[in-house]
Amino acid sequence: MLKRPPQDGPYTEPVGRIETERGSASSEPTAFQGAPSGERAEFYDFGLPYGEDAGSRTDDGLVKRRHSRRDRRRRRIRRTVIAVVVLLVVALGVSGALLARSALSVRDRAGEAVGIVNSVKDKVTSGEFSTLPDDAVRLQALCADIEAETSGPLWAAASVIPVVGSDVSAARELVSVLSEVSADALVPMAEQLAGATPGRLFADGSINVSAVCAVVDALADSAGVLGSANERVQAIGDTHVAQVTELVETAKDGFAVLDGAVKASESLSPVLPAMLGAQGTRSYLVMAQNNVEIRANGGLGGSQGVITITDGQMEIGDFRGSLRVSDDQQVLLTDEENNLFNKMTGNVGKVTGDATMIPDFPRAASIIGQLWEAGMGQHVDGVIALDPVFLQYLLGLVGGVTLPDGTAVDGTNAATVLMHDVYWNYPQEESDAIFASVAQAAFDRILSGIGEADMAGLVQVFARGCDEGRFIVWMEDADEEQAIEDMGIANELPDAGDVDGVPEAGVYLNNVGYSKMDWYLDLNVDVSSGMKRGDGTTTYDVTVDIANTCTEAEAANLPGYVGVNKWMDDGSIQLVPLERYIVYLFAPAGGTISDVNVQVNGQADMTMKEGTYNGLNVTYGMLDLYDEESCTVTYTITVPSDAAGELQMRVTPTCQDAREGNL
């Protein structure tokens, strides 16, 4: 901090150094006292001369100043620096123009490459494999040219510019990755596909087994290259230019999806021909779950039918309602299953639609398959479960169907029609039949129209359905089931012994009021960031909000099939807007649940119990919510120290987004 001059006189203390003609200097501030003979004293304040001795003046009083060699050297350095700066400014101007022209050239060639990629995609979908090698070679050459352009000194220099340099580096890395993928993956894949049976992958209710298997095999064979490419793309750091940021994010999403497809292809490749009926007819039970009567895996399996596949040719049988078997045909449950899922209803081992109360879908589907064979005399090789929301996604690609009264059911309204309108607009005795008929018509439309659907859109729809737990599959064959698990569409519970895997917990609901009230259900789960503890474990705070959003006005006009019939104290039966659930909080493998607090309408309520399921810790309890009532459950999950990665949470899918118009 600088001193202020004294208020009663000038500030005369010199600050700086004394310098002689010989260039010697002292760093100490010195008052003006003159200088030894033959030397000249100069004084500096903050590096600027302000004083001299008597010998440095001429007769007319002008200052006589001689500069030392050091002064001259400084001036030469300054002139040199100025010259360099000027040259840099000029050079940057020229280089900037060259870089701009280079960027435009890269953009044009990148646009040409994108056109080839789109053409390749269309050819794969339509089964025109013969020209793929030529396209792949052209694409490789373009990518190599682009990489060579962006590897030059102009782009290298631009990558060190503050702020935007990271964007240039990101673009160069993306180009390098694409060049590598083009040369080491796409060219070999194209050559491999050229030998496949031509024809569309899907057409007229059939699957081109040879072509589909060739695509899967080609992806599997490129796993190493594509996996490495995904790692490089995901490692790209922050960017600042909007267009580059969007490009990087798109690339990260795309390569993540591709990496998932490749990993799934590695497991799927050996078993896919058999699954598509190339080694004998396969039969799969398709179950349309109804989320307005919620089950842990999604909803009551209220409509079911069998699809058979013989060498890719698909046929779908008639759909029917949920199947109930006799007591002597029921599937025996474990003590844990009876205690957790069957005590209230007694139907889990008897009714196909209720087996999905077990959140472990492989176990639930196995029970469904056994019940179907016992009741219908038909063996099935697997079970496919989906809900009306996923049906709406599919109908958005293949087109809609029409109800007998002329109502259109399509990609804009299928979920609302199936989970709301059929109960409000049709008599109770017709609603289940309408649900089944719409489900069957939708499947017929999907099978006939899937060949014309956009392949990229189809992949996105299935990926979305899998992520949301709305499309799940079980295979009886162990190797095929492993492939399904690798694809992430099995909805299996974690193995209790897998404590060093990615931790997965769960929040599941079972409607035990047998109502269709879950159209009004809001279920939201929030998980905090993990907090590492001294013993190596990690804790997460979880908040579960459950609400019955049915209004008083809606409650007064509920159809009989939607609400719950309740015995009143006077012996009468009254229709009430009740949501009655058993709520399950599942801990991850090796993890625990603690500090559970339940607030119903802001008041402490609801007794939670503790149990286990196949070695996993479970906290559960029954909850009643009438119209406009809500519940909040807070608790802590502790994950073992050996767990890999952040806690993942699986939650029963609802129809909340359909009700709110957010699909």
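**Salt bridges in close-up**

**View 1. Lys 263, with a relative accessible area of 48%, is partly exposed.** In this predicted model, the side chain of Lys 263 meets that of Asp 259 in a salt bridge, with an N to O distance of 3.2 Å. Both residues belong to helix 7 (residues 242-268), where they are four residues apart, about one turn of the helix.

**View 2. A salt bridge joins Arg 470 to Asp 387.** The closest N and O atoms of this pair are 2.7 Å apart. Distant parts of the chain are linked here, as 83 residues separate the two partners. Arg 470 is found in the loop between helix 14 (455-467) and strand 13 (471-475), and Asp 387 in the loop between strand 10 (382-386) and helix 11 (388-398). Arg 470 is buried at a relative accessible area of 7%, and Asp 387 is likewise buried, at 2%.

**View 3. Arg 659 and Glu 660 are paired in a salt bridge.** Their closest N and O atoms lie 3.5 Å apart. Glu 660 counts as partly exposed, with a relative accessibility of 39%. Arg 659 is also classed as partly exposed, at 21%.

**View 4. Glu 293, Arg 295, Asp 354 and Lys 516 form one network.** These residues are joined by salt bridges that share partners. The structure as a whole holds 17 salt bridges.

Notes: Residues numbered from 1 in each chain as written. Predicted model: local features only at pLDDT ≥ 70, side-chain atom pairs only at ≥ 80, totals over all residues. Heavy atoms only, no water. Salt bridge = Lys/Arg side-chain N within 4 Å of Asp/Glu carboxyl O. Helix = DSSP H or I, 4+ residues; strand = E, 2+ residues; numbered from the N terminus. Buried < 20%, exposed > 50% of the residue type's maximum accessible area, 1.4 Å probe, protein only.
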